[in-house]
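Visitor: I'd like to walk through this structure. Can you start with the metal site and go on from there?

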Amino acid sequence: MDWKGGRRSNNVEDLRGAPLAAGAGGLAILFRFLPFLLSTRIGRIILLVGVLGFAAAHFLGIDVMRVIGGQPTQQSAQPLTAQEQELTDFVSVVLGSTEDVWATQFQKAGSNYEAPVLSIFSDRVASACGLGQSATGPFYCPADKKLYIDLSFYQEMKNRLGAPGDFAQAYVIAHEVGHHVQNLLGVADKVRQAQQGKSQAEVNALSVKLELQADCFAGMWGHFADSERGMLEAGDIDEALNAAAAIGDDRLQKQSTGTVRPESFTHGSSKQRAEWFNRGFQSGSINDCNTFKN
Ligand SMILES: [Zn+2]
């Protein structure tokens with residue numbers, strides 16, 4: 001993939017080493033249980049002991065966030081390695097090109113594209129959709145319109161999932177951007193409404209359609225990244241199709257190590273994912289990405 005020199009998006013935020021990311025996650029959990037803690041006598045005592053303990057530890061100079069599993073505060077001062085910097089540049093350029101492609105598509109349809117923010121985190125992050133963890137894989141949160149990715153996922157794709165290559169990495173971003181587009185178009189809301197009161201099988205079937213459409217939208221991005229920017233090189237499409245297949249549910253479930261992967265059972269089969277990516281890539285038209293049509 002020929003990405004160097006491409007426009008870098010300004011919508012990338014780097015939360016690696018931000019102590020707040022882990023701290024806020026802890027606070028989010030605390031607030032969730034706060035009504036419960038306050039409602040009982042024992043809960044109030046636990047809370048009081050906790051607050052006093054926190055204050056005492058702080059007074060004694062103990063880094064509490066570190067002790068409870070937060071990221072060490074020193075990490076924020078650590079400069080990125082050359083490899084981390086290059087990967088950060090890479091995702092910024094890919095995000096930039098999705099912005100250009102979707103802005104044009106929305107403009108053609110007479111509306112404006114509101115670009116999402118891409119948050120790079122390490123280990124865990126507090127999103128408006130709850131605590132995100134590296135083990136969950138990259139995700140999109142409709143509530144804050146942000147894409148979240150721990151760049152170590154790319155290592156996992158290469159080493160564990162058998163999906164190497166920069167275009168495979170770009171496809172992951174383009175897929176999450178696809179979820180953002182669904183959010184803007186109101187598709188995600190409609191699907192959530194349609195899922196109300198349905199059986200688990202029907203709920204899953206609709207989720208699969210949503211996922212396959214995000215793959216088709218990722219393919220659309222690939223179409224324009226190729227035809228308008230000449231970003232694609234020989235073998236790139238195979239990389240993306242391979243990645244789409246590698247992170248389909250059937251394979252993920254086979255490789256599952258017992259880690260919770262909320263999205264894994266709702267993505268569709270390897271074959272379906274590759275097919276819909278290819279459809280979007282061939283046509284470049286949103287009309288060919290209607291996965292809901294029977
Ligand atoms: Zn998805």
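Guide: One definition to begin with: donors are N, O and S atoms within 2.8 Å of the metal, and water is not among the atoms, so sites may look incomplete. Also, this is a predicted model.

Visitor: Fine. Which residues are the protein donors of the zinc ion?

Guide: His 175 and His 179, each through NE2, and Glu 211 through OE. They lie 2.0 to 2.2 Å from the zinc ion.

Visitor: How are the donor residues spaced in sequence?

Guide: The spacing is H-x3-H-x31-E.

Visitor: And where do His 175 and His 179 lie?

Guide: Both are in helix H6, residues 166-185. Four residues separate them, about one turn of the helix.

Visitor: Buried or exposed, those two?

Guide: His 175 and His 179 are both buried.

Visitor: What joins the side chains of Arg 273 and His 175?

Guide: A polar contact of 3.4 Å. Arg 273 belongs to helix H11, residues 270-283.

Visitor: Why does Arg 273 count as buried?

Guide: Because its relative accessibility is 2%, and buried means under 20%.

Visitor: Change of topic. How many aromatic pairs are there?

Guide: The count is eight aromatic pairs. One of them is Trp 3 with Phe 90, edge-to-face, with 5.3 Å centre to centre and 80° between the planes. That pair links distant parts of the chain: Trp 3 is in the segment before strand S1 and Phe 90 is in helix H4, 87 residues apart. Trp 3 counts as buried at 10% relative accessibility, and Phe 90 does at 2%.

Visitor: What about Phe 167 and Trp 221?

Guide: They form a stacked pair, 5.5 Å centre to centre with 15° between the planes. This pair too links distant parts of the chain, with Phe 167 in helix H6 and Trp 221 in helix H8, 54 residues apart. Phe 167 is at 0% relative accessibility, so it counts as buried; Trp 221 is likewise buried, at 0%.

Visitor: Which residues do ring pairs link into a cluster?

Guide: Trp 102, Phe 106, Tyr 113 and Phe 217.

Visitor: What sits over the ring of Trp 276?

Guide: The charged end of Arg 279, 4.0 Å from the ring centre.

Visitor: Last thing, confidence. What does the protein chain average?

Guide: The average pLDDT is 82, and 79% of the residues score at least 70. The pLDDT is below 50 over residues 249-264, and it stays under 50 over residues 65-77. Where pLDDT is low, the predicted coordinates should not be read in detail.

Key
Residues are numbered from 1 along each chain as its sequence is written. Side-chain values use heavy atoms; hydrogens and water are left out. Donors are N, O and S atoms within 2.8 Å of the metal (3.2 Å for Na, K and Ca); water is not among the atoms, so sites may look incomplete. Helices (H or I, at least four residues) and strands (E, at least two) are DSSP runs, numbered from the N terminus. Buried means under 20% relative accessible area, exposed over 50%, partly exposed in between (1.4 Å probe, protein chains only). A polar contact is a pair of N or O atoms within 3.5 Å; within protein, one must be able to donate a hydrogen and the other to accept it, and residues adjacent in sequence count only if both atoms are side-chain atoms. pLDDT is the predictor's confidence in each residue, from 0 to 100. Contact means heavy atoms within 4.5 Å. Rings of Phe, Tyr and Trp (its six-membered ring) pair if their centres lie within 6.5 Å; planes under 30 degrees apart count as stacked, over 60 as edge-to-face and the rest as tilted. A charge sits over a ring if NZ of Lys or CZ of Arg is within 6 Å of the ring centre and within 35 degrees of the ring normal.
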